[in-house]
Every structure is written in C-alpha cells, then in structure tokens.
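The entries are in the order I looked things up.

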Amino acid sequence: MDSYTKPAQIKKKYFTPGVVILILFALNGLFWLAGRFFFGIGAVTNLNNQYPWGIWIGIDVAAGVALAAGGFTTAALGHVIHREYYHDIVRPALLTAMLGYTFVAIGVFIDIGRWYYIWHPLIMWNGSSALFEVGICVMIYVTVLYIEFLPVVCERFIGHMNLKGAFAFLNKPVEKILILLNRGLSKTMFIFIIAGVVLSTLHQSSLGTLMIIAGPKINPLWQTPILPLLFLLSAIAVGFPMVIFESLIAARSFGLKPEMKVLSKLGTMVAPILGVYLAFKLGDMFIRETFVYLTSFNLQSVMFVIELLFGVIIPLRMFLSKAVLNSPLWLFVASSLVIFGVFINRLNDFVIAYNPPYKLVSYFPSIGEISITVGFICLLILIYRFIVMNFPVISQPDRSYSLSTKFSIRGSEK
Amino acid sequence: MGKQNRRDFLKTTAIAGTAISGLSIKSAKAAPKDILSEDRMGVLVDTTVCIGCRNCEWACKTAHDLPTQSLDKYSDRSVFKEMRRPDESALTVVNEYPNPQNSEIPTDVKVQCMHCDHPACVSACIVGAFSKHENGSVVWDTNKCIGCRYCMVACPFQVPAFQFDKALNPQIKKCDFCFERTKVGKLPACVEICPVEALTYGNRNDLVKIARERIRRNPEKYVNHIFGEYEVGGTSWLYLANQDFSKLQFPKLGDKPAPGVSESIQHGIFAYFVPPVSLYALLGGLMWITKRKNESEE
C-alpha cells in the first residue's frame, strides 16, 4: 500500500455525457414511480394474484441487500480483525452499503401496498416471520450504516464550516457539535461496527429463509432448508468482488490509478469463500438429488446452470489464477462474474424459481417495473458520484505528505 | 475507534447485550393469535353432491359487501369453461371437472380459503395481521397489514388475493369463514344458501367422523381420502370426492405444516437471542485481541 494515500474529495466535473444519460434513466424511473403512487401497483407492474412478488423484490431488495454485503465484510476485515492494510477500501465499501441499503429500503417502500404503514413492524411483532426479522435487521442496519458514515461527515466539515450570509452565526456552534459528536463516536464506534456485522449475518441469512415457507411453489433446484446458509455464504463471497468492481470503475471514471496492490490481495480471499459456497451448493444438490431436474430443458434448469457456471465456477477458477489477480481487466471481469452470479441467484430464488400451483397469467416484468428498477440503480450511481466528490471517501495520493519529509517515517507503519 | 480501554469496552458490550436480550421477552408477547382449539369448526364439502349452482358465490359476495350480479345470473354455466380462482372480487368460486363415474353429471368443486390448522400466512405475516381464531377461522386484520403480500407467497393453496388496482388502502381479500356471521350464531353464508347440502358446517372432529362414515358406507362412490384431514397439518375445510384429488386440481401437499421448516430455522437463529448475542461477543473479543496484538507490534 502506498502510505501516502488519504481519503479526499475528488475534484472533477460532475456532469459528463455518461452522467446525463444516467440522469435521463433516473428521471424515467421517477416518472413511472409517480404512476405507481397515483394509480396503484397494478397500474405500473405486471404483478398479479399468482405472482405477488416480482423484480422489485427479486432485484431491488434481495439482490440489493446481497450486493451491499461489501460493507460488512470489509468492516469485519478492516475493523474487527484489524487488517490495517485494507483501510483504503473501507470507506468506499461503507458508502456503497449505505446507499445500497437506502435503496433497498426505498424498494420495499414502493413495493408494499400500504407504504404509509411501513413503520408497523416496529411495534407489531411476529417472531415466527422471517420477513419480520429481515425488516427489523435492515431497519437497524441502515441506521448503523449512517452512524458509521458520520465520522466522514465530521471530517469533512470540522474546520471547514463555511455557511454564508444569515446562517454565518451557525458556523461556530455546528462545528462544536460536530467535534463533540466525532469524539463520542470514536469512543463508541466499535459497538456499531460489531452490531453492523451481526445484523448483516442475521438478515443476509434470513433473506434466504424467506422463500422456504413457499414450499413446493419454489423449484426444487433452489428450495432447500440450507437456503439461509447459502445466502449468507454467497453474500460474504460477493462482498469483496463488489468492492473490487467499484474501486476499478471509480478509478477509471475519475482517472485515478487503480489500487491494484490492495485489490489483488483482496481478490485472493474470494476463491476460498466461493469454493465453500460451491461445495455447499453442490453438496446440497447431491444430497437432495435435485440434479434430476437439470435433465429437463426449461427456463429454470437453464437459469440454474447459468447461475452456477458463469456466476460461481468460472470466476472461482479465475480468482485462483495469479495472472487474473494482477491484471485490472481480468480482475474486473472475474469480479463482475461473481456479482452477476449472486444477482442471478437472488433473481432465480425469488422470481424464476417461483412456480405457483395455479397459473392464470404468467409474469414478465412490465416497462414500468424495469424503468423504476433501472432508474433507482442510476440514481444510486449519481448520488455515489456526488458524495465521493464532496466527502473524503476515496483514497488518493496525498501531496501534503509527500512534500513534507517529516511524515515520511509513516511509511514504516505498514 | 481507538482510545477506549478494555473496561469501557466490556461495559458497553454488556449493555448492548442486555438491551438486545430484553427485546426478546417483549416479542413473545406481541405475537399474533394462533389458537388451535379442539372445538374449532370446519366445513365438509362433498363434491359428489355439489350441483354447481354457484349460489354460494352470490351469497358470499352479498355477505362481504362485494359488488355482485343478481342471483338468477349465476345459473350461467358457461363460466365453467375456464378454471377460475378466488380473487379480490370473489372470495369463493366453483369450478367444474369431468366425472369418471357418470359423464352426464360433472363434478363441481367449490374453492376458498382452507383455514389451515397451522396457517402459513399467520406464520409469515411480517406484522402478524393474520390470526387463527378459536373457532378455526383464519382472519386478516386491515389495521395491521402493510401490503407486502408475503402471505400470498407463503400460502400453499394460493388463496389470498390483493387489490393491485387500488392506490390507497389496498386490501388482502380472502374467505374469512364468515367471522362476523358465526360470531352472532349465524351459519357461514355459503353453507346457509347451499340448496343441496353439499356443505356441512360443524365441529371439525365431528366432520372427520362424518366423512369417514360416508366413505365407509359408499366405498365405490368415494375415493378413500379426506382432503384436508392431514394436508399441511390439517385444514378446517375438508373435501370428499369420487376421483383422485389431483384430477380436481387440488395441490399435492405433504402432511407437514407449511410453516414448519421456516419456523424451526427462525426459532433456531433466535433461540432466546443466544446465537446473535454470542456472535456479538465473539466478534467483540476478536476485535479486542487483534487490536491489542496490533498495538504490541507497534
């Protein structure tokens, strides 16, 4: 690791042609979203009494939660077992998790029919419901993520409070509050970090429990009592690839040098976790003898093979190769495949595998559903870009260190 | 992170732990009603008796304030061409199937909520909006429901329907076993109107005996299977038929209660909050050890 790196705002122009395209997609999503709130879920989606859950649950919520797992895996790596080496990637991962979970919460909010009752689970408890556990854990975890991000906000504004005009008198008191907050947080942060890891473990696995109660409605290729374990393992497996993926994209988009040393070392940890996941997935398949369902050629069996082959087996082999780990391009491809695999797995488990006993109408997501899902993803990227440009999140070479020889002794720290 | 000492660390960890375990006691109290009374009621549907007059459909809509055509329109048998399912506008429907014993008289099957003894919807509902009452009925509570539709995912009979077309206050619609009527001593609307007594309302235990007796007396007429006696742990509504139930499009289900596996996993993960609290303690310990190791190395 280059010891002269430090998280800092990225000084770049916000608007680029790519950003404008993202904004258009986001606006299109918001347009359909208005339709959902004015005319109801049925007006915008293809959901019906046979298929009560569609891509908003399968992608926005289930895949969203899984792909935001980088937050808790890097927090565990960087803070719980104190691998200081990885500190540069903790903040970007935290930001992704924070935004990812925020959009998961928004996804739930728009999907539930009575969005104004979203607070009900807080006071109306049902301990036997897996969904209740997911809901409560996600609610608390979102709060924890925002608390974990507060030090970044403090760092940004302490000493830089610069309100103008009528609000100028607020500069001093706000700064005092921030300093107090920062001090309090640095003493108690470990509570939140551990809580974040525990909460993630709980709801990542419970997300897998969700479809178990649907019993024979779920294709046997996916329906297994160890679904919670498979969900947890795959969430852990996708955490680091997601961090690598984002880090490489951000480096490219902002014209920074990719932190290959950190990323390839992070990459070495992917194969073992992915291997354990694959072992459980295949072991489960052979114990329950579900491979017989692969002999029939249909949507489910094809999707299962795609998920396992391109999402687990090929990237597993790639992450074992030194050449892949050291090449930004191949590392990017391998990470993308793992992300693709987990994405498809969640979509499969919640949508493709769902096979209601009475099918009057089949389900394929409507333009409105796809527009809103795509719009949210674009909005997330836009907000991410805005935050890394205005808050110290991404580590960059720090000039002040390299100029002053006084600090060069810090190089021995690693 | 950084400056707290070991004592602070243990203290705060302990407080967090107590706070979490304190919550579990409260959650046990807030659980929804899920009573499995010995005196629960049920309905025995004899599909060999049903004539497909669909008067029950009309009575059900009338009893539940759903828009309906006049009763005489229900004699139209062309609706039987396609299989129909209960939905937000009709809590019960009748479907027609060929009768292998007599092709002149088709078999008609009334479909509605089965009112399971171990309902998946009650177990699944995030806010406990469903409850299983003492009289056997499984009833939905509009004041709790958030409209997540997990009940629809969970139901093994694919019964709950949702008002997808309503922007405000969409409801889950399903047969409530005429909860408001039976409370004041009336029969369920469908049972009351049935002109041929295809539906028998009574104590579920008695109904099982009656059903067994009918099969014993007419073994050539009935298949030896009371659908609902053991399916998904038993249901309040029971069916008799003269052909295999799969031919009448009943789902093939095991004898285990639908929420069984899911609940045992849930209760395993949250057994008195021991697993999450121990994980918290374990991570806390790990954090403290690695931190000390790092410091001593410096």
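**Entry 1: chain B overall**

I note at the start that this is a predicted model. I counted secondary structure in chain B and got 9 helices and 9 strands. Chain B has 298 residues, and 42% of them count as buried. I then took the contacts in chain B between residues at least 6 apart in sequence. Of these, 63% join residues at least 24 apart.

Next I looked up the domains. Domain 1 of chain B covers 41-118 + 172-258, and domain 2 covers 263-291. Their C-alpha centres lie 48 Å apart.

**Entry 2: where chain B touches chain A**

How many residues of chain B are in contact with chain A? I found 62, and they meet 58 residues of chain A. I listed the elements of chain B that each supply at least two residues to this side. They are α1 (6-29), α3 (120-124), α4 (150-154), β6 (161-162), α8 (260-269) and α9 (274-297). Which element gives the largest share? It is α9(B), with 10 residues. By class, I get 39 nonpolar, 14 polar and 9 charged residues on this side of chain B.

**Entry 3: helix α2 of chain B**

I moved to α2(B), which spans residues 55-63. Its buried residues are N55(B), C56(B), E57(B), W58(B), A59(B) and C60(B). I checked what covers them. The cover includes β2 (93-97), β3 (107-111) and α6 (189-193) of chain B.

T62(B) is also in this helix. Is T62(B) buried, exposed or partly exposed? I count 13 other C-beta atoms within 10 Å, so T62(B) is partly exposed. The buried class needs 20 or more, and the exposed class 12 or fewer. Leaving aside neighbours within four places in sequence, T62(B) is in contact with T68(B) and A189(B). T62(B) and I215(B) are 153 residues apart in sequence, and their C-alpha atoms are 34 Å apart in space.

Just after α2(B), I noted that D65(B) takes a positive phi of about 55°.

C178(B) is not a glycine, yet its phi is positive, about 45°. I placed C178(B) in the loop between β7 (172-173) and α5 (179-183) of chain B. C178(B) has 22 C-beta neighbours inside 10 Å, so it counts as buried.

E197(B) is not a glycine either, and has a positive phi of about 55°. E197(B) sits in the loop between α6 and β8 (199-203) of chain B. Is E197(B) buried or exposed? It has 10 other C-beta atoms within 10 Å, so it is exposed.

**Entry 4: α8 against α9 in chain A**

Helix α8 (residues 171-209) and helix α9 (residues 227-254) of chain A pack at an angle of about 130°, with their axes 7 Å apart. Angles over 145 degrees count as roughly antiparallel and 65 to 115 as roughly perpendicular. The pair α8(A) and α9(A) is therefore oblique. The crossing of α8(A) past α9(A) is right-handed.

I listed the residues that meet. From α8(A) they are T201(A), Q204(A), S205(A), S206(A), L207(A), G208(A) and T209(A). From α9(A) they are L227(A), P228(A), L229(A), L230(A), F231(A), L232(A) and A235(A). By class, this contact has 8 nonpolar, 6 polar and no charged residues.

**Entry 5: α4 against α8 in chain A**

I followed α8(A) to another partner. Helix α4 (residues 70-80) of chain A packs on α8(A) at an angle of about 145°, with the axes 9 Å apart. Here α4(A) passes α8(A) in a left-handed crossing. On the α4(A) side I found F72(A), A75(A), A76(A), H79(A) and V80(A). On the α8(A) side I found I193(A), I194(A), G196(A), V197(A) and S200(A). The contact divides into 7 nonpolar, 3 polar and no charged residues.

**Entry 6: R385 in chain A**

Is R385(A) buried or exposed? I count 21 C-beta neighbours inside 10 Å, so R385(A) counts as buried. F319(A) is 66 residues from R385(A) along the chain, and their C-alpha atoms are separated by 28 Å.

Technical notes
Residues numbered from 1 in each chain as written. Chains lettered and ligands numbered in written order. Predicted model: local features only at pLDDT ≥ 70, side-chain atom pairs only at ≥ 80, totals over all residues. Domains from an automatic or database assignment. Axes fitted to C-alpha atoms, helices over the stretch in contact; angles between N-to-C directions. Helix = DSSP H or I, 4+ residues; strand = E, 2+ residues; numbered from the N terminus. Parallel < 35°, antiparallel > 145°, perpendicular 65-115°, else oblique. Left-handed = near helix turned anticlockwise from the far one by under 90°. Contact = placed C-beta atoms within 7 Å. Nonpolar A, V, L, I, M, F, W, Y, C, P; charged D, E, K, R; others polar.
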